[in-house]
Amino acid sequence: PKVTANRLARMEGGATKQSSKPTTSTDYVPSFAFSSSYQYWASLCPDLTVNGFSLKRKKRDREEGCMEKRQDLAFPKERIQSINAGLHDDGYFRVNPEELCWEEDILERLADGISRLSTAGWPPHVIGIYDEMWILLEKIIEVHKATGSKAQPSGDFAAFFVGPEARDAEGYPPHRDKMSYDPSTFDKDGNSKITTSWVPLTDATPETSCLYVLPACKDAHYRSTVQERKGEAKKSWKDAFFESPSLFQDIRALPAAAGSLLVFTHRLLHWGSRASKLAAHPRLAISFTFQDPSIPSAYPFLIQQQQPQCTGGEQKQPQAILSPPSLPLRLLLIATQWMNYYSQPPINKPIGDARADLMLGFFLAEHKRMPSNFMEATLRSVACQQAIMKRQVHNIQTNRIAVRKAATEKANEAARRLIEKERLEQRAGDKDKDEDDEDEDEDEDEDDDDDDNAEYKSWVTK
C-alpha cells in the first residue's frame, strides 16, 4: 500500500498542515516518540518486520523464520582454498547466489524496503531497522565461519541506492575503506583483519552500476606506508594510474547477480560506477564490515559469547553469537552510521534539519551503550556537531518566541484589565447619574402632590 503523509499523521494522532499541493510522505517528519515506535517503521515497509512486529506479515519467532536456526553452511576444501587465496592475492573473493540458500523472497523485500525508505526521505542504511537485514548478516557470518575466518561483524554497515535518474546515479568514487596503511590490520601471514561483505539485492551490471577494483597484486600502494590523503613522500595511486596507463588494463569489473556475496579487504582500491540512464532498474546493495576479534568494537552489545554444549567431556571454546539488537539500539546504529559516514562526501545526501535532529535524538538516547572513545569520536563528528548546533539554535529561537509570546500575552492582559477598569468606572458613573435623575423626579412628584392637596383643601373650604 502507498504510504502517504496523511496516513502517517493519522497513525500518529496528529494533523498535517493544509497545503495547495498534496503532501507527500517525504514532506512528513514524525515526532521523536512516533519515530521510535514499531508502528511507524512497520507502516513504511509493511513487508518487513521490526523485532518480529509487522502490520502485514504474521509475527514469527526465532524458531519459525524471523531469526530461525539453520544448518551450518559448508564449502568443499578446494573451494575454501580458492576463497582464501583470492582474498590474500587479489584482495577479494566472490560467492555465487546458488551457493547461498537465502530465505524465500528476502532479497526482494529488502530491495522494496530501501526504495520505500528513500521515497519517505530516509537514507538507504535505515534498512538496518528491520529484522531481514540481520537475517542477511547471519548468512554472511556463516560464510566467514565456513571459510575458517574468525572475523566478527563490527557493527558498521551501509546500504546503497544507485538509480538511472541523475540524482541517484553517482555511484561511489575510487577509495579504500581504510585510506592510511596500518601494519597492525594485517596478521603475520599477510591476511587482512578487516573486510567488507557486499551483497547486491538487485543485479549489479555495468549498466545498473557495479563494483570495479584494482587487484591487490597489481596495486603498488596496497601495503604502502604513504599517507595517501596528504600525498607525502611518494606518489599516490592516483598519480601512478596516469603515469602508467597500463594499470587501467588491470582494473576488473565485478558484475554480480542479486544475492551474490563479494568480500574484499579494507585496503582494496574499489569504486562503484555511475548508472546508465537506460538502466532497467536501480542497483541496491547492503554491505557489512567484519573485523578480527582483537580489534575493539564500537558496538560490543552485538556479539555475545555462548558456551557450546560439551559432548563426551570435551571442552569447547565459547562461540561468538550475533545478538540482533532491540529497536532503540538499531536506531543508535543507524544514527551513528549517518553521523560518521552518510553525512560526509561523497554519499552525503541532505535529509533535512528535522530528520537530522531525529538522528541526534536516536544517538543521545542510547549512546552510553558505546565505549567512551567511540562515543566521543561520534560526538566530535561534523554531522553530530551540526545537529547539536542546529538544535541549540532552534531552542534559542523557540525560547525567544516563547519569551516574546509571554511578554505579548502579559501586555495584552494588562490592556484587557485597563479596558475592563475603564468600563467599570464608566458604568459606575452612569449609574450615579441615573440615581440623581431619579431623585429629581421624585422631588418634582412630591411638589405636585402638595399643590394638589392645597387646591383640594381650598375647594372644600369654599
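The model is predicted. Strand β5 spans residues 211–214 and is covered on both faces. Helix α9 spans residues 353–366. Gly-163 belongs to the loop between β2 and β3.

- On one side of β5, Leu-211 and Val-213 are buried.
- β5 pairs with strand β6, residues 252–254, in the antiparallel sense. Three bridges join β5 and β6.
- β5 also pairs with strand β8, residues 269–272, again in the antiparallel sense. Here there are four bridges.
- Val-213 has a bridge partner in each of these strands: Arg-252 in β6 and His-270 in β8.

**Helix α9**

- The helix has 14 residues.
- From first C-alpha to last, α9 reaches 21 Å, close to the expected 20 Å.
- Its buried residues include Arg-355, Ala-356 and Leu-358.
- Also buried in α9 is the run Met-359, Leu-360, Gly-361, Phe-362 and Phe-363.
- An α-helix has 3.6 residues a turn, so residues three or four places apart point the same way.

**Gly-163**

- The loop holding Gly-163 runs between β2 (152–162) and β3 (172–175).
- Gly-163 has a relative accessible area of 2%. Buried means under 20%, so this glycine counts as buried.
- Gly-163 and Arg-283 are 120 residues apart in sequence. In space, their C-alpha atoms are 6.1 Å apart.

Notes:
Residues numbered from 1 in each chain as written. Predicted model: local features only at pLDDT ≥ 70, side-chain atom pairs only at ≥ 80, totals over all residues. Heavy atoms only, no water. Helix = DSSP H or I, 4+ residues; strand = E, 2+ residues; numbered from the N terminus. Expected span 1.5 Å × (residues − 1). Buried < 20%, exposed > 50% of the residue type's maximum accessible area, 1.4 Å probe, protein only. Pairing = 2+ DSSP bridges.
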